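Me: I would like to check the labels on this model against their cut-offs. Please set each value beside its definition.

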Amino acid sequence: MEDTDATLMLREVLEIPAASERLLAQRAAFASVVERLRREEPRVLVACGRGSSGHAGLYLRYLAETRLGLLACSAAPSVFTAYRSRPDMRGVLYVVVSQSGRSPDLVATTEAARALGATTLAIVNDESSPVASAAELVLPLAAGAERSVAATKTVVASMIACAQIVAALAGDGPLAAAVSRMPERLASALACDWSAWSEALAAAPGAFVAARGYGLGSAREIALKLLEVLRLPAIGHSAAEFRHGPRSAVTPATPVLLLRQPDATAGGLDELARDLRSAGGAVFLAGGPDFLAGGKGGTLPWLGDGHPALDPVAMLAPAYRAIEAAARRKGLDPDSPPHLTKVTRTL
């Protein structure tokens, strides 16, 4: 039975597994996009998005460069909208990610990229939106209406869509199989109790989130939610850069969440966790050997190692749930942060 007293944010977080299942059920739309991209053979990928969608774009950049061997970067919309520059975009795959599809700068840059020779793909929740109309190719997220200002289920769906496309283009069977298992894994991830981190956030003056590689987009996304929902100064950093400046600002009162996936970056995360703990820091490590089985990995419950490119996406589910709980603990409304709206009308 649905909890009618639950916040919109919590309801939408709990819908994440079902939303991911709806996305993966769109086989015809997905096949059409992949077939076209195989014919195009782009030489560069440019990802465009604001806020949470920009974090999905960062995730796509890592996937494209590591799995496709395709040079990738993030778009700067002001190049098109403010500076009126018109770079040569022939041979470019321009991927715009958006929940609403209504941000004027995303519409304008997608139109410009298409006119300048790019193949344009919109990964968008509203397939009738202006951004979808501006792009040649559209992959709908099918996440359903999202009413909380803080985007959650659409962010996870966006990242899964990126992994699904890259797996198909790369002919990466293990990644494709892991994508197909995401609805089940996300349901299990939602059951992971991250209340220890949530409680630390409720009393903190600031917070840090760190990861590497595939996890960096998720780290920045979680930090954004701490800012939006908890009004808590927070920074999402690469763990490799953490010692260059952020490390000096860490105190026992500023919790650090580390996202660890089972790949070549794991050792650096473990080393950073040991360093911070030895200095008395409040460190919360997600990932590693099964927590409940008594492994030496995470301090937060986790599912055991899954696919390294998808574990950081699954970690968003318990993180969102913990942030929503911390907001209620602080007496804040997670659905309507002050001064924010669902559609950011930048141009």
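**Labels and cut-offs**

Me: Why is E41 called exposed?
Reply: E41 has 66% relative accessibility. Exposed means over 50% relative accessible area, buried under 20%, and partly exposed in between, with a 1.4 Å probe and protein chains only, so E41 counts as exposed. The model is predicted: local features need pLDDT of at least 70, side-chain atom pairs count only at pLDDT 80 or more, and totals for chains, interfaces and linings use all residues. Residues are numbered from 1 along each chain as its sequence is written, and side-chain values use heavy atoms, with hydrogens and water left out.

Me: Where is E41, and what is its phi?
Reply: E41 lies in the loop between α3 (27-40) and β1; helices (H or I, at least four residues) and strands (E, at least two) are DSSP runs, numbered from the N terminus. Its phi is near 50°, a positive value in a residue other than glycine.

Me: Why does R84 count as exposed?
Reply: R84 is at 60% relative accessibility, so it counts as exposed. R84 sits in the loop between α5 (77-81) and β3 and, although not a glycine, has a positive phi of about 55°.

Me: What makes strand β3 largely enclosed?
Reply: Seven of the seven residues of β3 (residues 92-98) are buried, so the rest of the structure largely encloses this strand.

Me: How do you know that β3 and β4 pair?
Reply: Pairing requires that DSSP finds at least two bridges between two strands. β3 and β4 (residues 119-124) have six, in the parallel sense, and V96 has A122 as its bridge partner in β4.
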